[in-house]
Amino acid sequence: MRRRGSRAGSWISFLIILAVGICMIYPLVWMFFASFKTNNEINLGTGLLPAQYDVSGFIKGWRSTGQYTYTDYFANTFLLVIPTVAFTVISSTLVSYGFARFAFRGSRLLFGIMLSTLMVPNAVLIIPRYLLFRDLNWLNTYLPFWMPAVLGCYPFFIYQEVQFLRGIPRDLDEAARIDGCGSFQILIRILMPILKPSLISVCIFQTIWTWNDFMNPLIYINSVSKYPLALALRMGLDVAAAANWNEIMAMASVSIVPLVIMFFCLQKYFVEGIATSGLKG
Amino acid sequence: MRHLYFEGAGSESGKGMYMTKKKSKKTGWGQTSGYLYILPWILGFLLLQFLPLANSLRYSLTDIKLGGDYRFIGLDNYIRMFTGDPDLANSMKVTLKYILMAVPSKLVFALLVAMLLSVKMKGIRFFRTVYYLPSILGGSVAISALWRVMFMKSGIVNNLLGTDINWLGDPKYALLTITLIDVWQFGSSMVLFFAALKQVPKDLYEAAQIDGAGKCGRFFRITLPMISPIILFNMVMQTINTLQNYTSAYVVTGGGPIKSTYVMGLKIYEDAFVKSDLGYASAESWLLFVTLLLLTGVIFFTSRYWVFYADEGGR
């Protein structure tokens, strides 16, 4: 950057960046290669590469309990994640549109209330919600995940989209209104295309959080036939007291593959999403 | 962030109010359609947030279990929390220690990396992506399982470091091992710092250089004050997240050894869903809530002494 000694300086920073980067990514790479190792090798904590590539960890791991395989757990995870994400996007778009573009009585108060719900810890809500869902007969279904998404219970995303909508000039709405568009048409035809980056970032983060979520499935789902990946992995850890680490590492690697693929395909939206809203990650 | 919100809400809806009054005569939408759009959230708030919140407070005054009837027992749960439960005091201590270890190290690390990555260089985008990868995976059971394998006594970490530490079995190290998962997920703080660093005006550095300020001086006198609003934001967000996180403690160590990683969230979960003591666990969850409010309150209160807003309105 500066002229004096900039050559050497940039080489040093490159080496530091590279070294730190390797340390960051090492555990993931290690996990991937550990899937091909024998249990003995893992227990001895040998280096990165396996002595011999052995795929039995994947085969045995995938079979899981025998009665249910990872095919089921993947299907369950998709059934849990995809509707949750879709409902979240739809409800937060509608709600944020209402907050950003309409001045109804009490809108500021309600917006304030919505933001303050960000502060309520899940620990306070989970016991009464559990009892509520039990009374509704929703336990051991995916409704405890879908319904909060349908009903806009993710203030993070609503806030993010409100911020984004406020940045879009109102002249666009006005022009469409003069042309005879209704408010819903304005949202769908005019605003949605501009909102796209924000919508994608909502999709990404909701996918990650729901995919990785462990505590909620642990409480709401109790039969193995409905287990998502998180619970299946945990079950593998439980069952294997004399742990078959290669199977666990293999399935752990497989379970994060969809997230990693999504991450590399959509990475530019990640950074955008965090930078505009300050989401946790 | 606070400033942003108040400023935004004030001016925007002020304008909107005027506009809808004028428009509503012609088009007829305004009040009602606004409510219609936020209707999902109103229902969600009432049924899944407000009602549970009120119920939680009510349950905390009862001896409700997973099945059967319950009766009101007044403040007994709260009295028991402070007088008859040594585990709870331990869990509070562990949780605070966890926050004090995880949040500052995560922020310092995120800031250092963000500064490293703000160098102009070919391929820097790739590194930014790689550095962010742990943040999207770190919360998963897969990574917790990985931690259990890597930090075994005969595991790869001890082998690489040439040490013989019982990471998961020694109460001195167990919480540290869990904290490392959190520090590893520094990505979102890093991205925010990165954006903030880019917005520090270059002429400030030039002026300081002319005045003879060294690298250190420039960092402490210019960089830190200019990005202090983002430091505040990251600190609050990470404190809230860390206070509530117990997936890693649950899967990696199960709260042990000798309850040295038995964080509040985990204790509440076990009291409620393992010991079936829902009433008492509700009372504990309110203690967690109050702790969260106190911690963020303290951070906001002290922030007036160390957060610097470049323009009066904040940024």
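1. Buried area is the accessible area (1.4 Å probe) that two parts lose on being put together, summed over both. On that count, chain A and chain B bury about 9400 Å² between them, with 75% of it on carbon and sulfur atoms. A:Ile17, A:Met24 and A:Ile127 supply 7% of the area that chain A buries against chain B, more than any other three residues.

2. A word on ground rules. This is a predicted model, where local features need pLDDT of at least 70 and side-chain atom pairs count only at pLDDT 80 or more, while totals for chains, interfaces and linings use all residues. Residues are numbered from 1 along each chain as its sequence is written, chains are lettered from A and ligands numbered from 1 in the order in which they are written, and side-chain values use heavy atoms, with hydrogens and water left out.

3. On confidence: pLDDT is the predictor's own confidence in each residue, from 0 to 100. Chain A averages 86, and 92% of the residues score at least 70. Helices here are DSSP runs (H or I, at least four residues), numbered from the N terminus. Where pLDDT is low, the predicted coordinates should not be read in detail.

4. Back to the interface. Contact (heavy atoms within 4.5 Å) takes in 106 residues from chain A and 103 residues from chain B. You'll find zero salt bridges between chain A and chain B, a salt bridge being a side-chain nitrogen of Lys or Arg within 4 Å of a carboxyl oxygen of Asp or Glu. Helix 1 (residues 6–34) of chain A gives the most to the side of chain A that touches chain B, with 15 residues.

5. Now a look inside chain A. A:Thr93, in helix 4 (residues 70–101), counts as buried because its relative accessibility is 5%; buried means under 20% relative accessible area, exposed over 50%, and partly exposed in between (1.4 Å probe, protein chains only). Leaving aside neighbours within four places in sequence, the contacts of A:Thr93 include A:Glu161 and A:Leu195.

6. A:Ser198 sits in helix 10 (residues 183–212) of chain A and is buried too, at 2%. Beyond neighbours within four places in sequence, A:Ser198 is in contact with A:Gln160, A:Glu161 and A:Phe164. A:Phe164 belongs to helix 8 (residues 155–166) of chain A and is partly exposed, at 24% relative accessibility.

How values were computed
Helices (H or I, at least four residues) and strands (E, at least two) are DSSP runs, numbered from the N terminus.
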